[in-house]
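Trainee: I would like to learn how to read a protein model. Please take me through this one step by step.

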Amino acid sequence: ASATRSAMPSSSSVDDEQAVDAVQRYYAAFNAALTTLDTKEMRTLFQPGCIVCEQDVAELDRMARAGERVTGGATSLANLSVTLRSENLLGIRATATSAAMTIKDRSGKVLLNESAVTATKNFTVSHVDGRCAVEGITK
């Protein structure tokens, strides 16, 4: 048991880094998808069953089909920290700041204007087969 305990910090730090990276990659893909409305990359970065992830992808896909365009809305993350470690799951907390966003329809009519917002978000990241992926987001 003591050998396992002493090995834990080094493997945890690798897992921590991978989990934080998974959240950052998800948001990089989300930000790109806001511009392109192409969710292909996003879909590779979360596990099936991530409700918020699936809702985000479905909404972006709907917007693409409708010919809508998004200006702004990119999310930046700060203060990422690991809040939970278990065998295959890590909890990550971050301060997420989403820039002001405008959504226009095909003709250019404004459908939505949102102000910038900053909030704390919690993420569950699974670590399976050497790969981390977002499994849940609490807004």
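Trainee: Let's start with a pair of strands. Which residue in S3 stands opposite Ala78?
Mentor: Helices are DSSP runs of H or I with at least four residues, strands are runs of E with at least two, and both are numbered from the N terminus. Strands pair if DSSP finds at least two bridges between them. Facing Ala78 across the pair, in S3, is Thr95.

Trainee: Before we go on, what is left out of side-chain values?
Mentor: This is a predicted model, where local features need pLDDT of at least 70, side-chain atom pairs count only at pLDDT 80 or more, and totals for chains, interfaces and linings use all residues. Residues are numbered from 1 along each chain as its sequence is written, and side-chain values use heavy atoms, leaving out hydrogens and water.

Trainee: Which way do S2 and S3 run, parallel or antiparallel?
Mentor: S2 covers residues 75–85, and a hairpin of 3 residues takes the chain from S2 into S3. With 8 bridges joining them, the two strands run antiparallel.

Trainee: What pattern does the whole protein chain follow along the sequence?
Mentor: Counting elements gives 3 helices and 7 strands. Taken in sequence order, they read α-α-α-β-β-β-β-β-β-β.

Trainee: How much of the protein chain is buried?
Mentor: A residue is buried under 20% relative accessible area, exposed over 50%, and partly exposed in between, using a 1.4 Å probe on protein chains only. The protein chain has 139 residues, and the share that counts as buried is 37%.

Trainee: Which residues does Ile137 contact beyond four places in sequence?
Mentor: Contact means heavy atoms within 4.5 Å. By that rule, and skipping neighbours within four places, Ile137 contacts Tyr26, Tyr27, Cys50, Val52, Cys53, Lys121, Asn122 and Phe123.

Trainee: How far apart in space are Arg43 and Cys53, C-alpha to C-alpha?
Mentor: Arg43 sits in H2, residues 40–43, and it is partly exposed because its relative accessible area is 43%. Not counting residues up to four places away in sequence, Arg43 touches Val57 and Asp61. Arg43 and Cys53 are 10 residues apart in sequence, while their C-alpha distance is 8.3 Å.

Trainee: What separates the C-alpha atoms of Thr97 and Ala74?
Mentor: Thr97 belongs to S3 and counts as partly exposed because its relative accessibility is 29%. Beyond four places in sequence, Thr97 is in contact with Ala74, Thr75, Ser76, Val117 and Thr118. Thr97 and Ala74 lie 23 residues apart along the chain, and the separation of their C-alpha atoms is 8.2 Å.

Trainee: Is Leu37 buried or exposed?
Mentor: Most residues other than glycine have a negative phi. Leu37, in the loop between H1 and H2, has a positive phi near 60°. Because its relative accessibility is 12%, Leu37 counts as buried.

Trainee: And Asn79, buried or exposed?
Mentor: Asn79 is found in S2, and its phi is also positive, near 55°. Since its relative accessible area is 59%, Asn79 is exposed.
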